[in-house]
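Please look over the sequence and the three-dimensional structure shown here before reading on. The report after it is meant for someone who meets this structure for the first time.

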Amino acid sequence: MSKGLKLKYLKITLIFFLNAFIFGVETAGAKGIMLLTPDYDSILYARMPTTHLVVEVQAKETLESLLLRSRAGEVEPFVTRMNNDAYYVHYRVSLVPGKNEFVLSPGGQHIVIDYKPLRTLFDADLDAPDVYLYHRQGIMHKQCRSCHEFNVVPKGNYTKSSPYGSRSPICYSCHKGIFEEVKWQHSPAANLLCEMCHREGKDGAISVFIGKNAVLCYQCHLIKGKPWGDMAHIHAPVGYGVCSICHNPHGDKYRFQLWADARGELCVSCHEDMAVLLEKNTKGIKVHGIVKGGGCVTCHDPHASDNAYMLYKPINQLCTGCHNDFAEVTQGHPVVGHPVSGPSNPLYPGEEFSCASCHDPHGSKFEHLLIGDLLSGHFCIKCHDKRAP
Ligand code: HEC
Ligand code: HEC
Ligand code: HEC
Ligand code: HEC
Ligand code: HEC
Ligand code: HEC
Ligand code: HEC
Ligand code: HEC
Ligand code: HEC
Ligand code: HEC
């Protein structure tokens with residue numbers, strides 16, 4: 001026995017005992033039941049925590065005793081249709097991150113779906129063993145095509161009539177969930193122009209556009225004015241071209257098809273050290289009023305800008321835009337004669353001296369969002385040694 005085979009045998013034995021332990025022993029290998037999708041043992045990368053199990057059943061008696069169980073209990077099929085004397089039982093299941101176990105009876109066939117939730121397929125290793133891609137089987141199983149045929153939507157299926165490509169309803173009949181269940185739909189997906197972005201590969205398989213999908217987006221989105229790529233400061237994920245890390249290409253909960261609120265939640269999903277700013281209990285940090293109100297995108301452009309830190313305006317213009325009392329101030333704050341701008345910040349030479357040199361624009365433990373404690377004298381000495389000024 002080869003090492004691989006031994007491992008496989010061990011795995012099957014283990015699964016059997018696990019199965020027996022959780023669900024009770026049943027006679028394995030019922031005739032006339034076949035799982036068509038997914039595989040018995042598969043890794044599934046996806047944004048949405050749901051997938052479909054489609055089972056082919058040959059005889060009516062078997063159909064009557066057919067039962068799919070998850071840890072939570074029995075799963076009800078949502079549609080069963082007959083074709084060429086076989087029944088096609090469809091289940092829609094929700095998944096939790098990690099292993100999801102199902103048992104299909106009679107026969108006690110064990111199905112394990114290892115769900116790996118992802119914001120983007122960008123860093124998914126789709127070529128790893130056991131990774132399940134339905135459309136890798138060719139454009140789709142032969143059996144499925146008997147009902148889900150090109151141009152033909154399954155009988156009894158509700159469909160939107162689309163003025164666009166004649167092939168589009170084919171995707172819709174199986175995938176309506178990806179945009180119907182979301183609030184902000186992306187126009188080309190909602191208009192069933194799936195094939196604008198997913199092309200059939202040479203082998204007939206439908207491609208998932210992973211990696212740098214900006215190329216895809218720029219086909220239709222001509223950025224007004226100066227292209228982001230030509231700007232002095234480009235946000236790293238945009239520079240990388242991974243638009244889908246923030247925008248769901250089909251649609252999502254928040255405006256602009258974002259999966260999280262751009263006022264904060266979206267940003268701190270990566271800028272984790274800033275998550276404290278959004279918490280109810282900010283642990284002694286006084287958050288800048290506007291971070292709570294308008295959020296991160298009041299000051300930062302999420303894509304690119306000619307100003308440092310992708311700010312919409314140079315720092316002092318940005319601040320004085322709201323704090324108008326300071327609009328004309330070039331010096332005299334906080335003490336007589338003190339400048340509020342200059343070529344170099346003594347704390348970080350190489351950076352400009354600005355309002356943000358003394359005030360943390362996000363939040364601070366100290367009064368007035370200062371970078372140090374004014375009263376204890378620890379503020380001025382950050383830039384001026386004890387003898388001066
Ligand atoms: C604007 C381009 C675009 C359109 C239009 C589009 N898709 Fe996608 N789709 C993508 C990209 C890009 C990905 C991979 C995204 C990622 O994860 O990085 C993707 C991923 C998917 C996935 C994988 C699961 C997921 O959500 O991550 C499915 C399924 C899918 N698309 C189906 C469809 C269907 C069906 C339609 C038509 C209703 C459609 N797509 C229209 C760009 C598009
Ligand atoms: C017969 C039903 C069916 C049809 C028709 C169909 N798909 Fe799928 N597709 C699936 C299933 C099942 C999955 C696996 C995920 C799931 O269970 O939802 C899947 C997954 C995908 C994925 C993720 C990658 C993969 O291969 O698993 C993409 C992208 C996708 N479909 C795009 C499309 C597009 C675009 C069309 C239309 C040209 C289409 N699909 C038509 C059933 C279908
Ligand atoms: C005998 C006909 C028939 C066959 C064969 C068939 N389906 Fe379906 N399928 C349907 C019908 C009818 C619906 C629509 C149900 C509805 O609109 O509620 C459907 C809906 C679906 C959906 C949409 C689920 C959802 O969440 O709305 C998926 C996914 C799907 N089928 C996948 C498959 C796959 C994969 C195969 C092959 C392994 C397959 N079907 C074979 C008839 C069939
Ligand atoms: C096939 C053409 C097409 C492709 C490809 C495309 N889009 Fe779109 N997109 C549109 C259309 C049409 C609209 C709706 C019209 C509008 O509001 O500008 C839209 C709207 C949007 C919006 C909302 C704009 C607003 O002002 O409300 C965002 C965000 C967006 N797309 C992002 C993307 C991203 C990210 C990609 C790449 C994954 C992409 N689009 C690829 C055609 C496309
Ligand atoms: C870091 C997250 C992030 C990434 C990556 C990202 N965006 Fe955005 N995008 C946003 C946010 C947030 C908004 C909404 C801005 C607002 O609320 O003012 C937005 C808005 C948009 C809009 C509509 C408003 C506008 O500026 O025209 C388009 C179109 C768009 N993005 C396209 C893209 C494209 C194309 C890419 C990839 C090159 C991309 N985005 C990458 C976060 C992102
Ligand atoms: C997908 C992850 C991701 C998301 C989401 C994200 N960022 Fe970033 N951001 C990065 C990375 C990576 C860098 C570069 C970090 C570095 O160089 O240390 C960066 C850098 C920055 C910088 C510093 C830029 C500079 O020139 O030094 C700012 C400001 C910023 N992000 C703001 C935001 C805002 C505002 C949002 C929400 C709209 C956001 N980010 C969402 C990944 C992300
Ligand atoms: C009042 C305007 C304003 C708001 C609102 C704002 N920022 Fe900033 N941010 C700035 C300024 C100004 C800088 C550069 C000055 C500095 O802190 O050194 C900056 C710098 C940054 C940097 C790079 C330097 C660092 O401190 O790591 C990141 C990342 C960043 N901001 C993320 C965010 C996030 C995330 C949010 C929302 C929770 C946010 N910003 C809200 C003004 C703002
Ligand atoms: C979009 C409007 C807006 C922008 C831009 C803005 N702020 Fe504010 N700022 C506010 C609001 C709202 C508050 C909370 C109300 C208040 O305390 O006055 C606040 C509060 C403050 C406070 C606290 C006042 C106190 O007495 O504790 C300081 C200091 C401050 N901002 C400095 C800045 C600096 C420095 C910048 C530029 C990096 C800036 N602000 C940019 C709106 C803004
Ligand atoms: C050299 C450090 C320093 C610089 C630069 C600076 N501040 Fe201040 N700021 C302070 C100190 C110290 C206080 C608290 C003492 C006080 O109330 O005058 C303060 C207080 C404030 C306050 C709250 C009290 C008030 O007067 O409303 C605001 C708002 C403020 N600054 C905004 C700004 C803006 C906008 C800029 C840029 C134009 C700026 N600061 C530049 C040190 C600075
Ligand atoms: C973030 C750095 C920073 C902090 C904090 C800071 N200063 Fe300054 N200060 C500067 C810079 C930059 C200048 C102008 C260049 C120089 O003279 O070194 C300056 C200049 C001065 C001057 C000379 C002004 C003139 O008339 O030429 C005085 C006085 C002064 N600071 C006092 C203070 C006091 C008092 C505090 C605390 C309330 C303080 N500074 C906090 C950076 C800072």
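The structure is a predicted model. The protein contains 13 helices and 15 strands, and of its 389 residues, 17% count as buried. When contacts between residues at least 6 apart in sequence are considered, 56% of them join residues that lie at least 24 apart.

Five of the strands form an open sheet, in which the order is β2-β9-β8-β4-β5 and the pairing is mixed. Strands β2 (41–46) and β5 (73–75) stand at the edges of this sheet, and because each has a single partner strand, one side of each is left without a neighbour in the sheet. On average, and with direction ignored, neighbouring strands of the sheet are turned by 30° against each other. Within the sheet, strand β4 (residues 67–70) and strand β8 (residues 98–105) run antiparallel and are joined by four bridges; L68 stands opposite L104, which belongs to β8.

| Ligand | Residues in the shell | Nonpolar | Polar | Charged |
|---|---|---|---|---|
| Ligand 7 | 20 residues | 13 residues | seven residues | no residues |
| Ligand 9 | 17 residues | nine residues | eight residues | no residues |

Around ligand 7, the closest residues are C267, C296, C299, A356 and P361. The elements that give two or more residues to this shell are α10 (265–268) and α11 (289–293). By class, the shell around ligand 7 has 13 nonpolar and seven polar residues, while charged residues are absent.

Around ligand 9, the residues that come nearest are C319, F326, P334, C355 and C358. Here α12 (315–322) and α13 (355–358) are the elements that give two or more residues to the shell. The shell around ligand 9 likewise has no charged residues, its members being nine nonpolar and eight polar ones.

Which residues of α12 are buried? The buried residues of this helix are I315, N316 and L318. Seen down the axis of α12, these buried residues fall within an arc of 160°, and they therefore line one face of the helix.

Technical notes
Residues numbered from 1 in each chain as written. Chains lettered and ligands numbered in written order. Predicted model: local features only at pLDDT ≥ 70, side-chain atom pairs only at ≥ 80, totals over all residues. Near = placed C-beta within 6 Å. Nonpolar A, V, L, I, M, F, W, Y, C, P; charged D, E, K, R; others polar. Pairing = 2+ DSSP bridges. Axes fitted to C-alpha atoms, helices over the stretch in contact; angles between N-to-C directions. Buried ≥ 20, exposed ≤ 12 C-beta atoms within 10 Å, placed from the backbone. Arc of directions from axis to C-beta. Contact = placed C-beta atoms within 7 Å.
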